[in-house]
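Here's a quick briefing to read alongside the sequence and the 3D view. Keep both open as you go through the points.

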Amino acid sequence: MKRKFFSALVVGMAVLGLCACESTNKETVKETGKETQTIVVETENKETETQETEAEESKAQEGAAIESEIRRLVDENLYCMRDVFVLSMLPTEDTPIEGEWIYPVKEDVFKDYAEFDAYVRSVYCKETADMYLCGEDPKYVNIDGKLCANKYLEGSKGYYVDWTDYDLTIDSVTEDECTFTVTCSVEWPADKPVKEAYPVSGKAVKEDGKWLLTSMLY
């Protein structure tokens, strides 16, 4: 009788142990499932954060590249306005090459007309470049491939804007158009001249994959 009771007790304990083990295994599986889900969610969040960070970095790099290119164009525009087309003229040789007013430009500046043409078109869009190069009474002409200046059009005028350390602000950018503001300073003639901010609005467009100014900044 005692043996039967003992055997039944052992079997009962084994069954209870099995049930307890089964319950523990189920809980472990549940916990493991939760941990896996947590890890998957955390991984997805990290991947999303990484993608967002990379997108922001890419956008910042693109913005910096555009600003750098616009700044280059502004600097070249300053040279064109001050030394080439508006305030002054390129240095020329002492003897005219044709008539009384057409003088060859010194070759250490531009070796020929083609080089000058390419330079102007690297700063301004086609329409604006054509206006300065091919418009009525152009300041520079092509004489047998040589760059020459019409000194009859030479002249200077008062100019009071200081472009030193100008500020550049990009106002808007699309795939093929950029508007911006250059802020310089100016002192107009007066009994007591006062320096004040001088903002200049500009626009650049993409032609053949290159940013070019649509007009001369002055």
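Strands β4 (residues 161-173) and β5 (residues 177-187) run antiparallel to each other, paired over eight bridges. Bear in mind that this is a predicted model.

**The β4–β5 pair**
- Getting from β4 to β5 takes a hairpin of three residues.

**Helix α3 and its two sides**
- Within α3 (residues 126-134), the buried residues are Thr128, Ala129 and Leu133.
- Look down the axis of α3 and those buried residues sit within an arc of 120°, so they line one face of the helix.
- On the face turned away from that buried side you'll find Glu127, Met131 and Cys134, which are exposed.
- The cover over the buried residues of α3 includes α2 (113-121), β2 (140-143) and β7 (210-213).

**The largest nonpolar core**
- This core has 41 residues, and the ones touching the most other members are Ile70, Phe85, Phe116, Tyr140, Trp163, Phe180 and Val182.
- Elements giving two or more residues to the core are α1 (2-85), α2, α3, β3 (146-150), β4, β5, β6 (195-207) and β7.
- The largest share is that of α1, with nine residues.

**A closer look at Trp163**
- What does Trp163 contact, leaving aside its neighbours within four places in sequence? The list is Val74, Leu78, Met81, Val182, Cys184, Leu217 and Tyr218.
- One of those contacts, Val182, is also among the core residues that touch the most other members, as is Trp163.

Definitions and conventions. Residues numbered from 1 in each chain as written. Predicted model: local features only at pLDDT ≥ 70, side-chain atom pairs only at ≥ 80, totals over all residues. Heavy atoms only, no water. Pairing = 2+ DSSP bridges. Helix = DSSP H or I, 4+ residues; strand = E, 2+ residues; numbered from the N terminus. Buried < 20%, exposed > 50% of the residue type's maximum accessible area, 1.4 Å probe, protein only. Arc of directions from axis to C-beta. Contact = heavy atoms within 4.5 Å. Core = buried A, V, L, I, M, F, W, Y, C linked by side-chain atoms within 4.5 Å.
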